[in-house]
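This report describes a predicted model. The sequence and structure come next, and the description follows.

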Protein chains: 2
Amino acid sequence: MKIGIFGTGMVAQVVGGALMARGHDVQFGTRDVAGTLARTEKTGMGSAPFSAWIKDNPKATLAPFRDAARHGEVLINATAGGGSLAALASADPKDLAGKILIDIANPLDFSKGFPPTLSVCNTDSLAEQIQRAFPALKVVKSLNTVNASVMVSPAVVSGDHTIFVSGNDAAAKAEVQRYLGEWFGWQRSSILDLGDITTARGTEMFLALWIRLYASTKNPMVTINVLQGTTAAR
Amino acid sequence: MKIGIFGTGMVAQVVGGALMARGHDVQFGTRDVAGTLARTEKTGMGSAPFSAWIKDNPKATLAPFRDAARHGEVLINATAGGGSLAALASADPKDLAGKILIDIANPLDFSKGFPPTLSVCNTDSLAEQIQRAFPALKVVKSLNTVNASVMVSPAVVSGDHTIFVSGNDAAAKAEVQRYLGEWFGWQRSSILDLGDITTARGTEMFLALWIRLYASTKNPMVTINVLQGTTAAR
């Protein structure tokens, strides 16, 4: 499948690498191709710069956002949250129309140090901003509650754990649930459909807890399982 | 033990009732005793008004916030989040000095309907506001991530699930962890210490996800277990 990934950071590398390993035709989009390839310092998350990563992954192609949007039958938003709207705005609108965008980004603001805050929350979310700005896209929020390694290999965490989907288009959510299984091995029973795109506020705001779970456990592979109790009233 | 509970709503009733059932001497604090006893409509959460509840729990005493603060060797904040600071401001400062306040409230704002938003989040939290305004209190945030019935009976949810503590005073957090076990049956292995009081932002912001878990599962006894994966890098 042809997949366009917006972003070249750690999350884009891990997700794109996993998709390529499963035979998909992945094109990474960036604002400035020459700039991305010239950068040799580690990413903000401490992983290899894309220029080094792509040497080990020579089948990957890097292109302007506009081209990656055209390339993908399905699009994945893995930009830093603050750059998502501008990245999508560089696409030709007809390359977005009717496509699924899996939004795996979080609107984290590291400008005041660690822990980051959210640049949008509570009464809005990044996913809603994207859906409003690009109504022809079928935005499905997912995977943003876990580390990139868990996104693509849920089995690195033993035991049941939950991943969420939010979106306005039921068929698009069903398709994304299928991709989560086929691409990465997520069990259908582990996927919880929270509802429309406004429910992405819940999973984006969960990041405020996730970063503190990470800080207290020192384990980036930290995640949650949703459990339901029984009550006499049910 | 003498315990002062700020608030008379559903959470206060369930927690106070459970503490009384275990033999504790509980006084509930309210802004206006006569007004609380005169109110006969159900609470915002659909449970019995305090006036009806206290008839079934005649050992409970209701008093102004000021008296409940004096009564308690340990204090519990179970007000609606918006009323917490005013409630504590009615106490005599010498009745707060050195005491543990277990803050189980969430700053939910229902003024624009359901789902609620948070009246404080992202760069601050209710727990931090309380700790800043009343530095002589030892504020420990806990239990706010689950329904009141789960707070006092974690076994209503089968399987491991996690409860959090946040606070600046290590000894106070250790004491609260002991209370969670002795009062309500929380296993020590289920209690995760997130760090200082600023980490309460994480558990308060989790409410944005919790209300959507509740909406999608229709189960108020919904909660989470924290799991950690293994990684080659560890």
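## A buried loop residue

Ala60(B) counts as buried because 22 C-beta neighbours lie inside 10 Å, where 20 or more are needed. Ala60(B) sits in the loop that joins helix 3 (50–56) to strand 3 (61–64) of chain B. Apart from neighbours within four places in sequence, its contacts are Gly16(B), Met20(B), Val26(B), Phe28(B) and Ile54(B).

Chain B has an open sheet of eight strands in the order 3-2-1-4-5-8-9-10, with mixed pairing. Its edge strands, strand 3 and strand 10 (191–195) of chain B, each pair on one side only. On average, neighbouring strands of this sheet are turned by 25 degrees against each other, direction ignored.

Within the sheet, strand 1 (residues 2–6) and strand 2 (residues 25–30) of chain B are parallel and share five bridges. Ile3(B) stands opposite Val26(B) of strand 2 of chain B. Helix 1 (residues 10–21) of chain B packs on the sheet, where it touches strand 1, strand 2 and strand 4 (74–77) of chain B. The direction of helix 1 of chain B makes about 160 degrees with that of strand 2 of chain B.

Strand 4 (residues 74–77) and strand 5 (residues 100–103) of chain A pair in the parallel sense over four bridges. Leu75(A) has Leu101(A), in strand 5 of chain A, as its bridge partner.

Helix 7 (residues 126–133) of chain A is mostly covered, with six of its eight residues buried. These are Leu126(A), Ala127(A), Glu128(A), Gln129(A), Ile130(A) and Gln131(A). The buried residues of helix 7 of chain A pack against several elements of chain A, including strand 4, strand 5, strand 8 (138–142), strand 9 (163–167) and helix 10.

## The nonpolar core

The largest nonpolar core holds 142 residues. Ile5(A), Val15(A), Ile5(B) and Val15(B) touch the most other members of this core. Beyond four places in sequence, Val15(A) is in contact with Ile5(A), Ile76(A), Ala78(A), Ile104(A), Ala148(A), Met151(A) and Val152(A).

## How the chains meet

Between the chains, 41 residues of chain A are in contact with 41 residues of chain B. Elements that give two or more residues to the side of chain A touching chain B include strand 7 (117–118), helix 8 (148–152) and helix 10 (200–217) of chain A. Helix 10 of chain A gives the most to that side, with 12 residues. By class, the side of chain A that touches chain B has 19 nonpolar, 19 polar and three charged residues. Of the interface residues of chain A, 100% are also interface residues in chain B, so the copies meet through the same surface.

Strand pairing also crosses between the chains: strand 11 of chain A and strand 11 (residues 222–228) of chain B run antiparallel and are joined by seven bridges. Here Val226(A) stands opposite Ile224(B) in strand 11 of chain B.

Methods
Residues numbered from 1 in each chain as written. Chains lettered and ligands numbered in written order. Predicted model: local features only at pLDDT ≥ 70, side-chain atom pairs only at ≥ 80, totals over all residues. Contact = placed C-beta atoms within 7 Å. Nonpolar A, V, L, I, M, F, W, Y, C, P; charged D, E, K, R; others polar. Pairing = 2+ DSSP bridges. Core = buried A, V, L, I, M, F, W, Y, C linked by C-beta atoms within 7 Å. Buried ≥ 20, exposed ≤ 12 C-beta atoms within 10 Å, placed from the backbone. Axes fitted to C-alpha atoms, helices over the stretch in contact; angles between N-to-C directions.
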